[in-house]
Amino acid sequence: MKYKIRMGNLDYGVIGNCRTAALVSKKGSIDWLCFPSFDSPSVFAKILDEKSGGYFAIEVNEQYQIKQEYIKGTNIICTSYSLEGEGAFELIDFIPRYRASATDYYMPPEVYRYIRYLSGKPKFKVDYAPVMNYAKEEAVFQKFPDFIKTASCENLKDNMYLYSSLDFDNILEGKEMTLEKDEFLLLSYHQKLIDIDIERIYLEYQRTKVYWLNWNNRSRKFRQYNDAVSRSLLILKLMSFQESGAVIAALTTSIPETIGEGRNWDYRFCWIRDASMSIETLLKMGHRSAAKRFMGFIKGILKSKSDSFQIMYGIDGSRNLKEKELPHLTGYADSKPVRVGNAAYNQRQNDSLGYLMDVIYNYYLHFPGTLDEMEEMWEIVKNVVKAVSAEWRKKDQSIWEFRNIEKHFVFSKVMCWVALDRAVTIASFLGKADYEQKWHAEAECIREDVMTHGWNEEIQSFTQTYDSFDVDSSLLLMEQYGFIEASDERYVKTVKRVKQELFYKGLMYRYKNSDDFGRPSSAFTICTFWLVRALYVIGEKEEALGIFDQLLSYANHLKLFSEDLDFETKRQLGNFPQAYSHLALINAVLLFADEKSSSKFIRP
């Protein structure tokens, strides 16, 4: 019989353990996995080259019915296969994570594929086709009594180990097998020091399931939209890097914002902006430990007073994220180039420190720590203020990371104000009146500058940049960060102008004016969530809820969102899953729930 897996929309689920993650297709194929960490070279990269990228599939006859879902409240995926008259089984995919002690976690770089027998005599094949180092190096296989050792043909030290209860020859030759009992596949970056059998697989499965259920149970609960919020929270947690506290923007690289265009970027890094927003959201939802670890990451990348700020870092705190292209890969849906690294790390984006200071403010508010920790954080506060005070008057490349454009972006100025405004509050909290007064005066200078140069009287709206007539979606956030009241006529008019200019077929452009690559042609998912919030706070609540409900329907079959959506087809585009999109979803639901009536949510 003929087996074939086709690539379509981003119909993937994600499994992970805060160290690495894998994308599992709707059919049960692992099409993306980086070993041993999020930002390591891939060993499966079918998402970036369908023919040559490499994958790890469980294949069945096309007559089988295949269904997929997350085990509720976890980051474990269950894909079920059934064919009347032949049989049925489930494929349970997970990457283990659970507490090993009061302070440590068991979170090895390995993927478990637990094949659970259900009925009859179902038939399947294992298609194990890794290609090492971003599909540049063919894999070679060596059979041992307990495992199949897989290594790069160019570097035998680059290897991994496949354990299985199935016949090794049947796996390597892709032979059809009949399932009669529970079986397993375990792909490990390291050689195991314990015996691996089905009992061990079941134990790791149960331990990992209990971990995620417990973590999810500590989250704030809602009567409405709780399933969507729960999934979004679990994804945000999965994307935090345990070892350093960094939070990555997305799990993939080079999924195009528009098919066939060149807006293809590597998002497996820690943007201060994205990470700060994620951490603030996790804090609101009751997860303090992730925020505390992120503060540790910040302290780690700013070890001395002379350390400069970057907009983004490697997940280990590295500063040089040199970008390069991989021309041997055809790209997702033939969209080139494929890139690793990200040259945006050396851009000037003046908004980024505003988000960071907002999180530091929450640090002092929620868990200020010991005296020495507070003093260490205070030094960071002062250094951030110095940086903002020195930079806010300069042009920058904005939240949208224009590569060859520098202007006076209004929202960048607003976030500079946020940095100083939160610093003023921190200084007041610590009893530092002299700093408080000086920083307040500088914050007022920024506010006056924005009100004078950022407002366009002719179009009755704030604009994307000083002295322009263009708007962009980031202006919707001016109220959320406290720069302006929702009732202020200037904000109300800005929201309506932005919607008039950028809302199209139920989705939002981030902006319409041309950038380095021309005019954007896809919707930036988070911007539609921003519009929902903005409409809601200015009183257009029915319209806001209608847009929100429609937007939720564009999630994939497992309630996951990427970075972008196609205006016409609503196909998901851009890197996946996107932390930005999921945190914005959560914040929208928080807004609905927190409005006066507390009956809309239940605290656990």
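In the predicted model, Cys 18 is buried, its relative accessible area being 0%, a value that lies under the 20% limit below which a residue is called buried. This cysteine is found in the loop between strand 1 (12-16) and strand 2 (21-25), and its backbone has a phi near 70 degrees, which is a positive value in a residue other than glycine. Such a value deserves attention because most residues other than glycine have a negative phi.

A positive phi is also found at Ala 135, where the angle is near 65 degrees and the residue is again one other than glycine. Whereas Cys 18 belongs to a loop, Ala 135 lies in helix 1, which covers residues 132-135. The relative accessible area of Ala 135 is 12%, and because buried means under 20%, Ala 135 is counted as buried.

The bond from Phe 35 to Pro 36 is cis, with omega near 0 degrees, and Pro 36 is located in the loop that runs between strand 3 (29-34) and strand 4 (42-44). A cis peptide bond, with omega near 0 degrees, likewise leads from Lys 336 to Pro 337; here Pro 337 is part of the loop between strand 21 (324-325) and strand 22 (339-340).

Definitions and conventions. Residues numbered from 1 in each chain as written. Predicted model: local features only at pLDDT ≥ 70, side-chain atom pairs only at ≥ 80, totals over all residues. Heavy atoms only, no water. Helix = DSSP H or I, 4+ residues; strand = E, 2+ residues; numbered from the N terminus. Buried < 20%, exposed > 50% of the residue type's maximum accessible area, 1.4 Å probe, protein only.
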